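Here is a short report on a protein model. Look over the sequence and the structure, then read on.

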Amino acid sequence: MGSRASSLLREEDIEEIKRETGFSHSQITRLYSRFHSLDKGENGALSREDFQRIPELAINPLGDRIINAFFPEGEDQVNFRGFMRTLAHFRPVEDNEKNKNLTSGEPLNSRANKLLFAFRLYDLDRDDKISRDELLQVLRMMVGVNISDEQLGSIADRTIQEADTNGDMCISFSEFTKVLEKVDVEQKMSIRFLH
Amino acid sequence: MEGFWAVIFPVLRVWFTSLVVLIMLPAMFGISLGITETYMKILIKSLEWATHRIQRASRAEEILKHSASNGLIQRDDSSLEQEIEELRRSRPKSAERGDFTLSDVLYFTRKGIESIVEDDVTQRFTSEELVSWNLLTRTNNNFQYISLRLTVLWGVGVVVRYCILLPLRITLTAIGLSWLVIGTTMVGFLPNFRVKGWLSDLVHLMCYRICARGLSATIHYHNKQNRPKRGGICVANHTSPIDVVILANDGCYAMVGQVHGGLMGVLQRAMERSCPHIWFERAEMRDRHLVTQRLRDHANDKTKLPILIFPEGTCINNTSVMMFKKGSFEIGGTIYPVAIKYDPQFGDAFWNSSKYSMVSYLLRMMTSWAIVCNVWYLPPMAQKEGEDAVQFANRVKSTIAQQGGLVDLAWDGGLKRAKVKDSLKEQQQKKYSHMVVGDDSSD
């Protein structure tokens with residue numbers, strides 16, 4: 001319970017995660033405590049069941065998709081590095097960072113990467129296109145049984161029609177970005193840490 | 001060997017006599033000799049000094065101050081409708097009210113990630129984090145080596161707790177429990193005169209007082225005029241099995257619970273002999289009608305002691321009050337709410353039953369500094385006209401939460417072990433569907 005958790009995380013690891021994700025030292029230790037408290041099997045990695053145990057996440061209509069985003073292709077366990085890498089997408093964008101020269105290219109919490117995260121929630125097969133089926137799947141998850149198939153289908157068609165500019169009946173990442181260009185993604189896809 | 005016993009015997013005799021005279025007898029009659037008060041004063045002084053030392057040493061004082069809020073992230077209280085409206089305001093076209101946009105997912109995504117980082121429920125099933133260290137290894141959360149003097153103080157604390165306090169407390173508890181069994185059995189042999197009830201109450205009180213001393217419990221009772229009366233039902237928030245000892249120190253209650261085997265079973269049968277309690281077989285507990293009927297019969301009999309019920313149904317970590325099961329509120333009769341709040345600085349009373357067995361929990365209790373708690377007796381409440389059991393339960397829960405300074409949660413304490421109900425997800429989906437198709441959704 002917390003007391004051993006911080007001792008399992010070495011200073012070098014914290015420094016590496018800091019460089020990769022941009023989180024502060026205290027944020028990393030507190031998130032490690034959280035990771036540790038979710039890890040019921042105490043094996044240093046989280047499984048899908050560990051996430052499902054959070055009631056607020058279990059009742060979230062997109063809960064399964066969000067949990068999926070943490071697990072790399074074909075894997076069933078996520079370690080702390082992977083956990084932090086995914087959470088890093090939701091770090092708020094600070095002004096002074098926009099001018100910094102980062103060694104690893106674009107930071108994980110840039111606007112483009114936040115949008116990519118949202119895009120990947122739809123695009124399950126990772127073919128860089130949201131097909132009509134994939135859109136329908138997400139819609140069905142969010143509305144449950146409250147809307148008929150026909151109505152949902154017409155909503156999906158309308159959405160694709162509005163967004164699709166190159167006529168391939170799918171939404172590519174650039175078309176997705178265009179639709180959301182006026183949305184304050186930096187604020188809506190960020191978590192405000194208290195310290 | 002002979003010489004060994006010749007030395008040990010007088011020591012043990014002195015030990016026992018001093019125990020009886022200094023602690024047991026005063027406890028039995030509710031008098032205090034001031035030993036515990038002195039101990040507590042020394043303890044508070046030492047802990048204050050330790051806190052001061054830690055704060056001085058760690059230059060990042062602001063970190064300690066911030067941890068007092070104990071939250072990691074700031075969350076919005078706005079509703080689903082508000083948030084999605086905001087997201088949709090930046091649509092390229094101004095379409096009809098109530099339509100789907102690709103940006104709708106952002107709302108659910110953020111809520112989901114926020115709940116992964118910090119959620120209201122799972123943190124209630126582990127011990128509360130302390131703002132500053134209280135010199136117990138078990139609460140040593142991020143506090144590294146500070147100074148030699150602090151470590152020495154901690155070492156002294158270990159010796160005091162394990163070598164002096166622990167044997168003392170175990171002896172006291174053993175005496176208290178055996179006296180409970182013997183006393184209640186003796187009272188049970190008496191015929192049913194008024195005296196029997198009075199004697200039974202006396203025996204129970206004495207034993208619980210000894211047990212409370214066995215935990216170094218310092219209890220402050222507030223508003224004693226609202227103490228539960230016969231024929232009523234006392235409800236309280238649940239943190240640990242010790243709650244029973246805490247409440248029974250100031251009044252006599254009829255306990256409700258499952259029949260256990262072993263030591264608990266012996267205690268239960270003994271208590272049953274001197275005054276009526278309500279013990280259920282495991283199979284009977286599933287029959288809700290039977291349970292309600294037995295409780296109602298007991299409550300309607302005005303000569304019987306007030307029933308003590310913990311409507312949460314499970315132990316919560318004393319930072320919040322979770323859903324009250326409506327069963328206790330369907331019985332009728334007056335409800336006497338009681339709020340119990342422990343001070344975690346001196347000892348953490350929460351029983352994390354998935355981590356610690358009962359025995360290791362009791363050992364942890366007995367090697368803490370002390371158990372300090374406040375008990376508030378709240379004015380009696382009754383079901384209002386047109387109010388159903390669930391609303392009544394929520395009303396009582398809010399009163400208790402407010403008095404004890406606890407967070408009032410609607411989540412079920414059963415989520416400690418069980419999965420969340422699907423109906424809650426369906427509620428969310430329904431709300432969102434309204435946003436997609438406007439007001440004419442298929443209902």
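The sections below go from chain B to the interface and then to charged pairs.

## About the model

This is a predicted model: local features need pLDDT of at least 70, side-chain atom pairs count only at pLDDT 80 or more, and totals for chains, interfaces and linings use all residues. Residues are numbered from 1 along each chain as its sequence is written, chains are lettered from A and ligands numbered from 1 in the order in which they are written, and side-chain values use heavy atoms, with hydrogens and water left out.

## Chain B as a whole

Chain B holds 14 helices and ten strands. These are DSSP runs, numbered from the N terminus: helices are H or I with at least four residues, strands are E with at least two. The C-alpha trace of chain B spans about 95 × 60 × 40 Å along its principal axes.

Chain B has 443 residues, and 48% of them count as buried. Buried means under 20% relative accessible area, exposed means over 50%, and partly exposed lies in between (1.4 Å probe, protein chains only). Chain B exposes about 22200 Å², with 60% supplied by carbon and sulfur atoms. Such areas come from the Shrake-Rupley method with a 1.4 Å probe; for residues, only the protein chains shown count as cover. Take the contacts in chain B with a separation of 6 or more: residues 24 or more positions apart account for 76% of them. Contact means heavy atoms within 4.5 Å.

## A buried valine and an exposed patch

Val396(B) sits in helix 13 (residues 389–404) of chain B. Is Val396(B) buried or exposed? Val396(B) is buried, because its relative accessible area is 0%. Leaving aside neighbours within four places in sequence, its contacts include Val235(B), Phe324(B) and Met381(B). Pro337(B) is another contact of Val396(B). The two are 59 residues apart along the chain, yet their C-alpha atoms are separated by 6.9 Å.

Phe9(B) lies in helix 1 (residues 2–28) of chain B. Phe9(B) counts as exposed because its relative accessible area is 55%. A nonpolar surface patch of about 620 Å² is made by Phe4(B), Trp5(B), Phe9(B), Leu12(B), Trp15(B) and Phe16(B). Patches take residues with over 30% relative accessible area and no salt bridge; like charges are joined within 9 Å, nonpolar side chains (Val, Leu, Ile, Met, Phe, Trp, Tyr) within 5 Å.

## Where the chains meet

In chain A, 59 residues are in contact with 59 residues of chain B. The area buried between the two chains is about 5800 Å², and carbon and sulfur atoms give 63% of that. Buried area is the accessible area (1.4 Å probe) that two parts lose on being put together, summed over both.

How many salt bridges are there between chain A and chain B? The count is two. A salt bridge is a side-chain nitrogen of Lys or Arg within 4 Å of a carboxyl oxygen of Asp or Glu. Arg34(A) forms one with Asp119(B), the closest N and O atoms being 2.9 Å apart.

## Charged pairs within the chains

Over all chains the count comes to 24 salt bridges. Arg10(A) forms one with Glu12(A), at 3.8 Å between the closest N and O atoms. Arg10(A) also forms one with Asp13(A), at 3.2 Å. Asp13(A) is buried, because its relative accessible area is 18%. Arg10(A) is partly exposed, at 48%.

In chain B, Asp408(B) and Lys397(B) meet in a salt bridge (2.7 Å, N to O). This pair links distant parts of the chain: Asp408(B) is in strand 10 (residues 407–408), Lys397(B) in helix 13, eleven residues apart. Lys397(B) counts as buried at 4% relative accessibility, whereas Asp408(B) counts as partly exposed at 36%.
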